[in-house]
Amino acid sequence: MFIPHTDSEREEMLKEIGVSSMAELFNAVPKNFRFPKLNLPPALSEMEVLAELTELASVNESTRELICFLGAGAYNHYIPAAVDAVISRGEFLTAYTPYQPEVSQGTLQAVFEYQSLIALLTGMEVSNASHYDGATAAAEAAVLAYHHFRGKRARIVLSPAVNPQYRAVLRTYMSGYTGLEIVGDEAGSSPFLSVDDLAKLVDMNTSLVMVQYPDFFGRIQDLTAFAQKVHEAGALLAVAINPTALAMLKTPGEFGADIVVGEGQPLGIPLSYGGPYLGLFAAKKELVRKMAGRLVGETQDEKGQRGYVLTLTAREQHIRREKATSNICTNQGLMALASAVYLSLLGKHGLRKVAELCYHKAHYAAEKIGKIPGYELQTSTPFFHEFVVKTPAPVADINLHLLDHGILGGYDLGKDYPGLDNHMLIAVTEMNTREDIDVLCEVLEEFNHG
Amino acid sequence: MAEPTVYELSSAGRIGVRFPEPDVPLAKLPAGLERETLPLPELSELDVVRHFTHLSQLNYSIDGGFYPLGSCTMKYNPKINEETARLPGFAFTHPLQPAETVQGNLALMYELQEYLKEISGFAAVSLQPAAGAHGEFTGVMIIKAYHDAMGHTNRTKMLIPDSAHGTNPATSAMRGFEVVGVPSDSRGNVDLTALKALCDDTVAGLMLTNPNTLGLFEEHVVEVLDLIHGCGGLVYGDGANLNALLGIARPGDIGFDVMHFNLHKTFSTPHGGGGPGSGPVGVAAHLVDFLPGPNAAIVEEGTDEEAPLFDLAMPAKSIGRVKSFHGHFGMLVRAFTYISMYGADGMRKIAEHAVLNANYLLAKLRNTYHVPHDRICMHEFVMEGVFEDAPGVHALDIAKRLMDYKFHPPTNYFPLIVHEALMIEPTETENKQTLDAFADALIKIAAEAHTQPELLHEAPHITPIGRLDEVKAAKDLVLCCWYPDQN
Ligand SMILES: Cc1ncc(COP(=O)(O)O)c(C=O)c1O
């Protein structure tokens, strides 16, 4: 299997070491703790393990069988076959973080291209090599802002329309920094707080303002004036984005955002029950030295050949130790590669096409659902591929009924927003056909009658 | 010739993937919000596949050769892991699906939590953290939450041995602890006298890596834990080196309070050129309620005929969410596959052979290279990459010269307490012939260091690119390809 030693090799090796048994290698381990009996199921062969896991996987109902209208931070998109073919190559899959550039140019150049693609997609000047996911990238933006102002600005303004999980993780991360206050999304604040009202919370003590675009409810709006207000108070503006949407929308860079974070999963990464995904993090160049995470830079070897290395490593934990502002080490290398392959394959035309397909289909669905008696479209502002519908019954009940018809219904907003019971967040992507949407509408209507 | 970038390969008008035409009426695009240009490259599918294939060929990998990177446990990543993680029932489930539609996922997570508990001796496990450092962050948060709950307001210090990985002090600082270093003694253990002097009621805890980063089992581990517990602190275990302890000793039994696992080291999930990892955290009974969440739980016991009903649950006094959704599920499937294939006896065999391989290399190299803490090692060992009688040759030169012999270099310049460190971790999946060839190469390089040092200084000779100018990279800061539309 995976341990290649033959009996005679083992004997020879023990002899070379000068011990008489394997057990003797562990004399330093306190005797009373040595060699515990583990209670694990008996070892399976490859054939058996595949059968067992196939069985377990088949217990699930996946988006391969269900028609999926569930989004809320993870989206069902088509992934071209070439993406998996590339990232399955052992040369990428089984390499470590590229500490030795001479034998890691493949990973390094791929990450450099990833950084370029993300910077250009978001309209920012620099991107790092990735964070764990959208939520931890959002938290790292707050950490960056805290250090940017040397801890002197104690307020973070968070739009309630930022993904609830991002806000939860940001709070977890920031709980280590004393004297901070996080405002904007407190219990009781309106989930649909306007950016004008949000701007009123920004003061000279604010380090970071975070909004989402399209926001958690799918809405899109011009943030230019808002960005100006944030900057008038001297604060940094972070925008959490959906990368697919940016194929057709003005970029946060054009609005003047200082930091862009986001979930990179829509860029060629399977839903995989929530991970591994990809934390996008891009910023203005003036913040590059304060950014956490790995960075790949272009340089040359002695012969003048172009090559790539990890750069500005003096910011990182392995050099700065307790003075580092982030502890990140392993990131999401392979997922960053997947998204680079996806963006290269779809390119200028393909990604725009996917974005428009999502947009048109979502608008078709919204209009149609809005006309079903009992259902009320809550989104009057422009939206991208997700929208809120007020439902005539608890969302969980409706979703149960949808499931009976092979449909994975939308997200129950009441789970995160106490005021939004009976509100469903519906996502539509290029994977949904007109027929899927029509079936959804029929079953929704039927529920109301039934 | 350097491989062009995707932007250099781009040709205006070329299409890589076609999508269906819209089957719904077109909606009006949002006025004033539309983007003017989308600066992405234009390539065919073959262009893309060939480009990334070329790039892959510039990488060294486990599949291609021996990768003895200390502290990283570069063992073989079984191919079956990749197949199970891609089973459609796993790969295409949405993280927010109702529990009744993902009982397979939840059962797998629950079972993996149970396996990790059994292997480590902890009372509960959360699979949430994304990597080792993220697990450390989670663990240190738990320590803080515990002291807060106990009303221990003055426990502000985290003790960290000088041999620790950089993520340990960085993590503690992130959580607001004052980092206090603890020296090592001449045998490579924590210096007990120094530790004793630091133990008082301001100590929140100690972050201990065992086996430590010298590859040595902490000989006074029980005394160290007693000292910390005696002064009211908790002990964090950096589980990066757990490979040496599988079936050998359980950190939970020894008395560690909290520890992270690296599924991407110990449990064979691939490193992917820098992640994704997976860093589950295990805790002793008194910390169970503080775990992050949600975690898989049984909500209705099963019967003889029916499987139990699983769901996700948040621990009572949870530190909160540390990432989106429920951990790196795809990595969990791989680790589960791996553990299933080894079972209990297999676990012990992994550790035994990892330790056998490391000691074998140590035995073959100790007469050529100076090993500062020379005793039976665990899964790795650290030697010095310098020779008194060959001044000018450094660990870095030896590392680079190894590439000419078609080996990946060991970790170098870590741990910081060894001068010119070369940290070698062979793992259990390497055979004797590979180890012999590697030892021979290092012995030859030692000879070259004395006779032809320029061979080392100018190494590597056979790689696609030579030593790169890191100063230039940091000075010019070119972090993004040039794009024609950029001004
Ligand atoms: C001893 C030790 N601790 C912590 C870490 C950090 O783990 P990760 O890279 O998974 O965040 C590493 C990995 O490099 C390590 O070797």
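B:Gly139 is located in helix α6 (residues 132-150) of chain B, where helices (H or I, at least four residues) and strands (E, at least two) are DSSP runs numbered from the N terminus. The model is a predicted one, in which local features need pLDDT of at least 70 and side-chain atom pairs count only at pLDDT 80 or more, while totals for chains, interfaces and linings use all residues. Residues are numbered from 1 along each chain as its sequence is written, chains are lettered from A and ligands numbered from 1 in the order in which they are written, and side-chain values use heavy atoms, with hydrogens and water left out.

With a relative accessible area of 0%, B:Gly139 is buried; buried means under 20% relative accessible area, exposed over 50%, and partly exposed in between (1.4 Å probe, protein chains only). Beyond its neighbours within four places in sequence, B:Gly139 is in contact with B:Tyr236 and B:Val258, contact meaning heavy atoms within 4.5 Å. The C-alpha atoms of B:Gly139 and B:Leu291 are 8.3 Å apart in space, although 152 residues separate the two in sequence.

Two further buried residues have contacts in the other chain. A:Thr172, in helix α7 (residues 164-174) of chain A, has a relative accessible area of 5% and is buried. Residues up to four places away in sequence aside, A:Thr172 touches B:Phe137, B:Met141, B:Ile319, B:Gly320, B:Arg321 and B:Val322. B:His271 occupies the loop between β6 (258-261) and β7 (281-283) of chain B and counts as buried at 3% relative accessibility. Among the contacts of B:His271, neighbours within four places in sequence being left aside, are A:Leu93, A:Ala95 and A:Tyr96 of chain A, and B:Cys72, B:His264 and B:Pro276 of chain B.

Over the interface as a whole, 184 residues of chain A are in contact with 198 residues of chain B. The area buried between the two chains is about 16,700 Å², and carbon and sulfur atoms give 66% of this area. Buried area is the accessible area (1.4 Å probe) that two parts lose on being put together, summed over both. On the side of chain B, the residues that lose the most area to chain A are B:Phe19, B:Arg35 and B:Leu479, together 5% of what that side buries.

Polar contacts across the interface of chain B and chain A link 82 residue pairs, both residues being at pLDDT 80 or more. A polar contact is a pair of N or O atoms within 3.5 Å; within protein, one must be able to donate a hydrogen and the other to accept it, and residues adjacent in sequence count only if both atoms are side-chain atoms. Helix α11 (residues 329-365) of chain B gives the most to the side of chain B that touches chain A, namely 25 residues. By class, that side has 108 nonpolar, 54 polar and 36 charged residues. Ala, Val, Leu, Ile, Met, Phe, Trp, Tyr, Cys and Pro count as nonpolar, Asp, Glu, Lys and Arg as charged, and the others, Gly among them, as polar.

The structure holds 44 salt bridges over all chains, and the count between chain B and chain A is 8. A salt bridge is a side-chain nitrogen of Lys or Arg within 4 Å of a carboxyl oxygen of Asp or Glu. B:Glu8 and A:Arg306 form a salt bridge, with 2.8 Å from N to O. This pair crosses between chains, from helix α1 (residues 6-9) of chain B to strand β10 (residues 306-310) of chain A. B:Glu8 is partly exposed at 47%, and A:Arg306 is partly exposed at 24%.

In the salt bridge of B:Lys432 with A:Glu12, the closest N and O atoms are 3.3 Å apart. This pair also crosses between chains, B:Lys432 being in helix α13 (residues 432-451) of chain B and A:Glu12 in helix α1 (residues 7-17) of chain A. B:Lys432 is buried, with a relative accessible area of 11%, whereas A:Glu12 counts as partly exposed at 44%.

Within chain B, the side chains of B:Lys117 and B:Glu114 meet in a salt bridge at 2.9 Å, N to O. The two are separated by about one helical turn because they are 3 residues apart in helix α5 (residues 103-120) of chain B. Both B:Lys117, at 22%, and B:Glu114, at 27%, are partly exposed. A:Glu12, B:Lys364, B:Lys432 and B:Asp436 are joined into one network by salt bridges that share partners.
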